[in-house]
Amino acid sequence: MTTLRIPTPLRTYTGGKSEVTVGGVKISDALNDLTTQFPAIKPHLFNESGELRPFVNLFVGEHNIKDLQGVDTPIKDGDKVMLIPSIAGGRTS
Amino acid sequence: MTLLDFRLTESNTIPLDSLAFHVGDTPLLPLRRLSRSLSPRTRVFVKAEWFNPGGSVKDRPALNIIQNAILHGDLGNGKRLLDSTSGNMGISYATFGAALGIPVTLAVPASASSERISILKALGAELILTDPLEGSDGAILKARELAAERPDLYWYANQYNNDANWQAHYLSTGPEIIRQTNGQVTHFVAGLGTSGTFTGTSRYLLEQLPDVNVIAFQPDAPFHGLEGLKHMPSAIKPGIYDESMVGTPLEVRTEAAHEMVIRLAREEGLFVGISSGAAVVAALQVASELDEGVVVTVLPDAGYKYLSDKKLWEQDWSPTSPDVGGDV
């Protein structure tokens, strides 16, 4: 299982959780699992064609998946994956 | 009138580096190809803020904040200027800090683009990188914490709550827009980050031209890619934010801003950053509803600091009906 770390602006859609445990062998599996567990998050991450929205950044460890294999980037048990908001993103105060 | 003129008329005792003289008085450029579908009596103009020495609109508030702090003895006494920033404000602080010999410490989200981090390091700023999951609000909280812990070391500039932020726009951006449009501006459109640009400029315009319409815009959702802008309902509200003046902001989707930066580059020759794309989306939306009017918006920076996002600049886009010629 992989730990997906959720940025503050998206925690509204994960029941306040800052980390979600997801299964799968690549990023697309992890995101499918996330959106199955929390369907309300889906339109924030994917466009109408089902593609990852262009400003959504995912890091496996230190590496942005845009510099690896995109949503086909492999993940393994114990990996920590981080969803990064745009830097002016908000905190629910 | 530039900020420097204002300060010099008030007090000519402040030693200033010549860089400060070039802050403000940015060009007001017409949108030509992008405004073709508008009423022929409606024009859209943009303030080209990348002409500032630090490369963005943030030179205005940064300089005014620093000058006020020097005037009041808060800086220039060995203390470090401390603030949180998503990038451009930090670059402006670091630029004038370097020029004036004022050390600068910045809390910056670790997710800030590599270009911005490199520029800040080049200018000698001390960086404290904050949790990227917390965004710019995480950087705000870190700066507050440092300011509370070490008041002996830091002077907290606090751009979100410092009146010198919006006053910079009241003193410079507003008067420039009146002068450059010969007082004919009918609509002013600006995005909300600290809200300084919108608040200060709008206050001045409304005082001078009571019939002017001022329209704010913000990202359409809490999770967005419009760097420098805030989705106010889900963010820490800046102290200088004036809700009564903002009314109901327009909302801009990140993808619409991305498409617009490409159109601005390829149809207008304006290579600008993402928040500038959002500003033009909002300004054109306002202009499209007018039979007659002069719409002005502010383009905060150029596109150079976003080049690492390669996919953004490689989007397919060609004008549907090339319009050759005209004045450049």
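Predicted model: local features only at pLDDT ≥ 70, side-chain atom pairs only at ≥ 80, totals over all residues.

Trainee: In what order do the five strands of the open sheet in chain A lie?
Mentor: The order is β2-β1-β5-β3-β4 in chain A, and the pairing is mixed.

Trainee: What makes β2 and β4 of chain A edge strands?
Mentor: Strand β2 (19–22) and strand β4 (63–64) of chain A each pair on one side only.

Trainee: How do you know that β3 and β5 of chain A pair?
Mentor: The rule asks for at least two bridges between two strands. Strand β3 (residues 57–60) and strand β5 (residues 80–84) of chain A have four bridges, so they count as paired, in the antiparallel sense. Within this pair of strands, Val60(A) stands opposite Val81(A) in β5(A).

Trainee: Which strands does helix α1 of chain A lie across?
Mentor: Helix α1 (residues 27–37) of chain A lies across β1 (2–5), β2, β3 and β5 of chain A. Its angle to β2(A) is about 115 degrees.

Trainee: Why is the pair Glu19(A) and Arg5(A) called a salt bridge?
Mentor: A side-chain nitrogen of Lys or Arg must lie within 4 Å of a carboxyl oxygen of Asp or Glu. For Glu19(A) and Arg5(A) the N to O distance is 3.9 Å, so the pair meets the rule. The pair links distant parts of the chain: Glu19(A) is in strand β2 of chain A and Arg5(A) in strand β1 of chain A, 14 residues apart.

Trainee: How many salt bridges does a search of the whole structure find?
Mentor: Over all chains, the search finds 24.

Trainee: Which residues is Leu52(A) in contact with, leaving aside its neighbours within four places in sequence?
Mentor: Leu52(A) lies in the loop between α2 and β3 of chain A. Its contacts beyond those neighbours are Leu31(A), Leu45(A), Phe46(A), Leu58(A), Ile65(A) and Val71(A). Leu52(A) and Val71(A) are 19 residues apart in sequence, and their C-alpha atoms are 8.3 Å apart in space.

Trainee: How many residues does each chain bring to the contact between chain A and chain B?
Mentor: Chain A brings 28 residues and chain B brings 30 residues. The buried area between the two chains is about 2,400 Å², and carbon and sulfur atoms give 59% of that area.

Trainee: What makes Glu48(A) and Arg253(B) a salt bridge?
Mentor: Their closest N and O atoms are 3.8 Å apart and the limit is 4 Å, so the pair qualifies. On the side of chain A that touches chain B, α2 (42–45) and β5 of chain A are the elements that give two or more residues. Strand β5(A) gives the most, with three residues. The residues of that side divide into 15 nonpolar, seven polar and six charged.

Trainee: In what order do the six strands of the open sheet in chain B lie?
Mentor: They lie in the order β1-β2-β10-β7-β8-β9 in chain B, with mixed pairing. Strands β1 (28–30) and β9 (250–252) of chain B are its edge strands. From one strand to the next, the twist averages 30 degrees.

Trainee: How do you know that β8 and β9 of chain B pair?
Mentor: Three bridges join β8 (residues 213–219) of chain B to β9(B), and at least two are needed, so the two strands count as paired. They run parallel. One of the bridge partners in β9(B) is Val252(B), which faces Pro219(B).

Definitions and conventions:
Residues numbered from 1 in each chain as written. Chains lettered and ligands numbered in written order. Heavy atoms only, no water. Contact = heavy atoms within 4.5 Å. Axes fitted to C-alpha atoms, helices over the stretch in contact; angles between N-to-C directions. Buried area = accessible area lost by both parts, 1.4 Å probe. Nonpolar A, V, L, I, M, F, W, Y, C, P; charged D, E, K, R; others polar.
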